[in-house]
Amino acid sequence: FQAEDGIRDQPRSRGLGDVYKRQDGYNANGKESSAMVFKINLPLLIHGHSIVLECSEDQLYLSVTNIYALVLYLPCFAKKHEARAGFDCIKRCLYVYLPIEQEEKALK
């Protein structure tokens, strides 16, 4: 999937500690769910059009030709088809939201 430009209302960064955090909440169906949220600083980019982002169940790949290449090994399985991302043009940060597979399903 490709990142979208234009996120404006993200919470303020507290530095590298915001790169990974787990959020518990509820999905659109009212069921309890968890997600991994990544904030990735990309200070050399002006917009998100050139970001290539790929997700497998246990890895996140980010690349921008001749500028960035990043592989993140995820601590739990992600629902890759429900992943979302957005690029904040002002802060030059990519925000990635990855819902987590339920633990009992991920263990099978």
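Student: What is pLDDT, and what does the chain average?

Tutor: pLDDT is the predictor's confidence in each residue, on a scale from 0 to 100. This is a predicted model, in which local features need pLDDT of at least 70 and side-chain atom pairs count only at pLDDT 80 or more, while totals for chains, interfaces and linings use all residues. Residues are numbered from 1 along each chain as its sequence is written, and side-chain values use heavy atoms, with hydrogens and water left out. Of the residues, 64% score at least 70, and the average for the chain is a pLDDT of 75.

Student: Which elements does the chain hold, and in what order do they run from the N terminus?

Tutor: Helices (H or I, at least four residues) and strands (E, at least two) are DSSP runs, numbered from the N terminus. The chain has 1 helix and 8 strands, and from the N terminus on the order is β-β-β-β-β-β-β-β-α.

Student: Which element of the chain has the highest mean pLDDT, and which the lowest?

Tutor: The highest mean, 93, belongs to strand β5 (residues 59-64). At the other end of the scale, with a mean of 46, stands strand β1 (residues 4-5).

Student: Is strand β8 largely enclosed or open, and why?

Tutor: A residue is called buried under 20% relative accessible area, exposed over 50%, and partly exposed in between, using a 1.4 Å probe and protein chains only. Strand β8 covers residues 93-99, and because 6 of its 7 residues are buried, the strand is largely enclosed by the rest of the structure.

Student: How many bridges join strand β7 to β8, and which residue stands opposite C93?

Tutor: Two strands pair if DSSP finds at least two bridges between them, and strand β7 (residues 84-88) runs antiparallel to β8, with 5 bridges joining them. In this hairpin 4 residues lie between the strands, and R92 takes a positive phi near 55°. The residue opposite C93 in β8 is D88.

Student: Which residues make the nonpolar surface patch of about 320 Å²?

Tutor: Areas come from the Shrake-Rupley method with a 1.4 Å probe, and for residues only the protein chains shown count as cover. V71, in strand β6 (residues 68-73), is partly exposed at a relative accessible area of 39%. The patch is made by Y61, V71 and Y73.

Terms used
Patch = residues over 30% accessible without salt bridge, like charges linked within 9 Å, V, L, I, M, F, W, Y side chains within 5 Å. Salt bridge = Lys/Arg side-chain N within 4 Å of Asp/Glu carboxyl O.
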